Amino acid sequence: MITTTEAPMGADTDTRTDAAGTDERSPETVAAQAMGLEPTDEADTGETPGTEAEERAAGDPEPEMDAVFEIEDLSVHYGTTLAVRDISMRIPRKRVTAFIGPSGCGKSTLLRCLNRTNDLLDATVGGRLLYNGEDIYDPRVEAAEVRRRIGMVFQKPNPFPKSIYDNVAFGPRLNGFSGNLDELVEESLTRVALWNEVKDKLDDSGLALSGGQQQRLCIARAIAVSPDVLLMDEPCSALDPIATQRIEDLIDRLKTDYTIVIVTHNMQQAARVSDMTAFFSVRMDGGKGPRVGELVEYDRTTKIFSNPSRQATEDYISGRFG
Amino acid sequence: MSATVRDPQPSLRARRKRLADPAFRWFVTLAGTSVFVILAAMVVRTTTDAWPIFQHEGFFGFLTGDRWVSGSTRGTGDFTGTYGAWPFIYGTLVTALIAIVIALPLALCVAIYINQLAPKRLRNPLSYTVEMLAAVPSIVFGMWGLFWLVPNVLLPVFGWLESVLGWFFLFEGPVFGRGYLAAGIVLAIMILPIITAIVREVIAVHPADQQHAAYALGATRFEVIRKVVLPSSFSGIVGATMLGLGRAIGETIAVMMLIGSTKSWEGSLLRMGDSMAAHIAATFKDSSPEAVKGLMAIGVALFLFTMIINVAARLLVWRIGRVAGDAAV
């Protein structure tokens, strides 16, 4: 399962030795505390940094967890270009998992694999990706069916040029919803805390809303088809801080019902909203060569932000790189 | 530094009188307004020439009368002919309608195929080919239609149509080959490229993120096209249709070769008739001055038709654009 570990850091062994040598209480711990993240005891007293800990670091921090996704040796090509390679990890149910990392590290690519929206970008996927034990890239699997259960919220709010009501009702209508559509629309909009703002103008165009409202509308639209998982691709990057805060509150409330996977550029956001964090990085062979994204470290968010096992992770979250 | 001697500031006034600017301005204004002048000159002249006909027949009498007998006077005294343009109006409307009914769905399919389904390396050659089709002169279409399509394809098909659906008035025989349906089919091929090109463009600029949103809700490709792409592209499709319709109504030479050039009108699509533009083109040479006025009147009516279609298209696009909030083309 843990085949990724040597690949990400293989090139810079020196740095890693450094990491092992530094004091556990690095300045970043302080930074993490400032973000409101108390380092847990186990993070401190856990295994001493070493090969064993590092092998454990990526892929499977909690072997006993109930995983929605089990990813094994996943690699993605766009055309002939390798975008990410050898990703192995398990994503827990009804938790928030954050993907962080610099641009081009493949975090969005991986996210799009999880509901096969990468198919639309002509990506070819190698390895295995099990969703509740079923390989979603099996030729017999219908991509549309996968996407119905694994909803997605995009970077830029993208409501349809239809009324607010029709935006939310789009998915249910598509999937032959036979219950009370009005109730479903109200319920979905209530869950994203948008109902009170729009209940008197459901016939207005979804495009007439503010950016933050549009994004909440998009989340309402996604949950109206009662998915199992919500994928969020930098859902706040186009929003102002207040709108961002509301989305983060929303994520917090939604995680009781949904498995959420969120890609973010904002590390504080990852620290605030997620239970698990995966740090990805770009590997460039000798400074040139192809840029390939790889999973560097995957662990509980508290651990990643207080006491990462990897020097590269520490550099990234402390702002020394990326 | 700044306290030391400063160069006197260069004058802000123009160093020489610039003529190019005002001259250019006048030239462009002239060119811009000339559009009105040309249009007005044309409308006024044709309408004045056609006026005696409208007086003689009455405007609606002219449009609805179904007898067209060219008179022979010099056009000064009493008219000796009868001028009822309905057979030609009917021919124009029927052929244009056939053309749209065939070309629109086909164009939608071609555009969707090029944009969404065709392999990437086939997309450009395909759209070039469509545009090449638009560049074929209509006389070539007419000849090809008359000498190849009609005898080899349409005649057998029409024969079959008549044998199966002959009881229905639209497909009553006898079958000549040439006629409304033949002209309509060739017109359809002629307007296919322009409709396809515009629809393709409209679909191509449809925001990918909205399509992705629909996919992410579990929509299949067909559902995305039908429920997301086509509705937002509706105003563009209407515009394309109207442009195609305009061309079909005005098309002259190919229709003239294929429609049969009779002065009567028949219900059946398989029969021969004539269209407004084709009738003008076929008869203006041998017409008396009086009959030329009759042709002018047809010209005025033709112009009115295309104008109405254009205005209707604009209104429709504007209305739809307002409701859907999408970018009109």
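Domain bounds here come from an automatic or database domain assignment. The model is predicted. In chain B, that assignment gives domain 1 (20-82) and domain 2 (85-324).

**Domain 1 and domain 2 of chain B**

- Taken over C-alpha atoms, the centres of domain 1 and domain 2 of chain B are 27 Å apart.
- Domain 1 of chain B puts 22 residues into the contact, and domain 2 of chain B puts in 18 residues.
- On the side of domain 1 of chain B that touches domain 2 of chain B, the elements giving two or more residues are α1 (20-57) and α2 (59-64) of chain B.
- α1(B) supplies the largest share of that side, with seven residues.

**Chain A and chain B**

- Between the chains, 21 residues of chain A are in contact with 16 residues of chain B.
- Three elements of chain A give two or more residues to the side that touches chain B: α7 (143-149), β6 (150-153) and α8 (164-174).
- The largest share of this side of chain A comes from α7(A), which gives four residues.
- The side of chain A that touches chain B has ten nonpolar, seven polar and four charged residues.

**Elements to find in the structure**

- For the domain contact, start with α1(B), the source of the largest share on the domain 1 side.
- For the chain contact, start with α7(A), the source of the largest share on the chain A side.

How values were computed:
Residues are numbered from 1 along each chain as its sequence is written. Chains are lettered from A and ligands numbered from 1 in the order in which they are written. This is a predicted model: local features need pLDDT of at least 70, side-chain atom pairs count only at pLDDT 80 or more; totals for chains, interfaces and linings use all residues. Two residues are in contact if their C-beta atoms, placed from the backbone, lie within 7 Å. Ala, Val, Leu, Ile, Met, Phe, Trp, Tyr, Cys and Pro count as nonpolar, Asp, Glu, Lys and Arg as charged, and the others, Gly among them, as polar.
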